[in-house]
Amino acid sequence: MQSNDTVNFLFIGDIVGKAGRQIVKSLLPKLIDQYKVELVIANGENAAGGFGITERVAEELFSYGIDIITTGNHVWDKKEAIPYIAKESRILRPVNYPEGVPGTGSLLMKTRKNNLVGIINVSGRIFMNILDCPFRITKKEVERIKKETNVILIDFHAEATSEKIAFAIYLDGQVSAIIGTHTHVQTADEKILPKGTAYITDVGMTGPEHSIIGFREDEVIEKFLYQLPKKFDVPARPSILSAVYIEVESSTGLAKKIERLMLSQS
């Protein structure tokens, strides 16, 4: 039973390296106060040096006020994360990984105002690793969670805009919000779909503002020029924080508002 009329979420886009973590530390407390946020979700699959996540980095992000960390195709880049993800339910890996993979792809959590919400993390398949069908798997997960709550938010970690839009239309009215992640480029198409689901194709990146999706420009350009293996570094520069704020009606689980945010360090 939901205890409040509206549930207020903040979803922070892909956090890249130390630069991304630092701006979260700087700005998140103010955002929580300003928007009266009761649950903070962030994609953290690039939070450790730009690739993957570790226990130390995850605990750092939790200490800043993030409640749930979602991931994607880089979730296993740091091997030491595997046993941690297996035991830490607040870190999600895509729900459409095969049975037997460590960790979980969804969870139920009480917010700061005691509202029960469901969070699902799922990966797309177009130009990505081929996993189980995100449409069918997520549909089953939604039906299971709806026995407990109507308030459900999904991180759809995918490359192709067509796949993201199709996925959103497929689940419109069945979930509260579908937030696209992965490309690190914020799209300007935030909306509430006809049946009541909040949607954005990609929430964007939280990391160095003057970079190529969070990495040093010269290293990325060299990779494009020569097609040779290249290590990418996250530059220590002023960052942006990309996010969406979402208001959801607790009884129906339908969205009332979605606001796109892109903030710089002052």
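How many of the six residues of strand 7 are buried? Keep that in mind as you look at the structure, which is a predicted model.

1. **Strand 7.** Six of the six residues of strand 7 are buried, so the rest of the structure largely encloses this strand. Have a look at which way the side chains go. Ile152, Ile154 and Phe156 point one way, while Leu153, Asp155 and His157 point the other way, and all are buried.

2. Next, the open sheet of six strands, whose order is 5-6-7-8-10-9, with mixed pairing. Strand 5 (106-110) and strand 9 (191-192) are the edge strands; each has a single partner strand, so one side of each has no neighbour in the sheet.

3. **Who pairs with strand 7?** On one side, strand 6 (residues 116-123) and strand 7 (residues 152-157) pair in the parallel sense over six bridges. To find your place there, Ile119 stands opposite Leu153, and Asn121 stands opposite Asp155. Strand 7 also runs parallel to strand 8 (residues 177-181), and five bridges join the two. In that pairing, Phe156 has Gly180 of strand 8 as its bridge partner.

4. **Getting from strand to strand.** Strand 6, helix 4 and strand 7 make a right-handed β-α-β unit. From strand 7 the chain crosses through helix 5 to strand 8, and this β-α-β crossover is right-handed. Helix 4 packs on the sheet and touches strand 5, strand 6 and strand 7. The direction of helix 4 makes about 170° with that of strand 6.

5. **Helix against helix.** In general, two packed helices are described by the angle between their axes and the distance between the axes. Here, helix 4 (residues 134-145) and helix 5 (residues 161-171) pack at an angle of about 30°, with axes 11 Å apart. Their crossing is right-handed. Helix 4 brings Pro134, Phe135, Thr138 and Lys139 to the contact, and helix 5 brings Glu163, Ala166, Phe167, Tyr170 and Leu171. Sorted by class, that contact has six nonpolar, one polar and two charged residues.

6. **Strand 1, another enclosed one.** Which residues of strand 1 sit on each of its sides? Thr6, Asn8, Leu10 and Ile12 are on one side, Val7, Phe9 and Phe11 are on the other, and all are buried. That makes seven of the seven residues of strand 1 (residues 6-12) buried, so this strand is largely enclosed by the rest of the structure. Strand 1 is joined to strand 12 by seven bridges, and the two run antiparallel. Four bridges join strand 1 to strand 3 (residues 39-43), and here the two run parallel.

7. **Two residues with positive phi.** Ile213 has a phi near 45°, a positive value in a residue other than glycine. Ile213 is in the loop between strand 11 (205-208) and helix 6 (217-226), and is partly exposed, with a relative accessible area of 40%. Gln227 has a positive phi too, near 60°, and is also a residue other than glycine. You'll find Gln227 in the loop between helix 6 and strand 12 (239-249). Is Gln227 buried or exposed? Gln227 counts as exposed because its relative accessible area is 55%, and exposed means over 50%.

8. **Val220 in helix 6.** Val220 is found in helix 6. Val220 counts as buried because its relative accessibility is 8%, and the cut-off for buried is under 20%. Not counting residues up to four places away in sequence, Val220 touches Ile212, Phe215 and Phe232.

9. Asn129 lies in the loop between strand 6 and helix 4. With a relative accessible area of 44%, Asn129 is partly exposed. Leaving aside neighbours within four places in sequence, Asn129 is in contact with Asn73 and Gly124. Asn129 and Phe167 are 38 residues apart in sequence, and their C-alpha atoms are 17 Å apart in space.

Technical notes: Residues numbered from 1 in each chain as written. Predicted model: local features only at pLDDT ≥ 70, side-chain atom pairs only at ≥ 80, totals over all residues. Heavy atoms only, no water. Buried < 20%, exposed > 50% of the residue type's maximum accessible area, 1.4 Å probe, protein only. Axes fitted to C-alpha atoms, helices over the stretch in contact; angles between N-to-C directions. Left-handed = near helix turned anticlockwise from the far one by under 90°. Contact = heavy atoms within 4.5 Å. Nonpolar A, V, L, I, M, F, W, Y, C, P; charged D, E, K, R; others polar. Pairing = 2+ DSSP bridges. Right-handed = clockwise from strand over helix to strand, strands pointing away.
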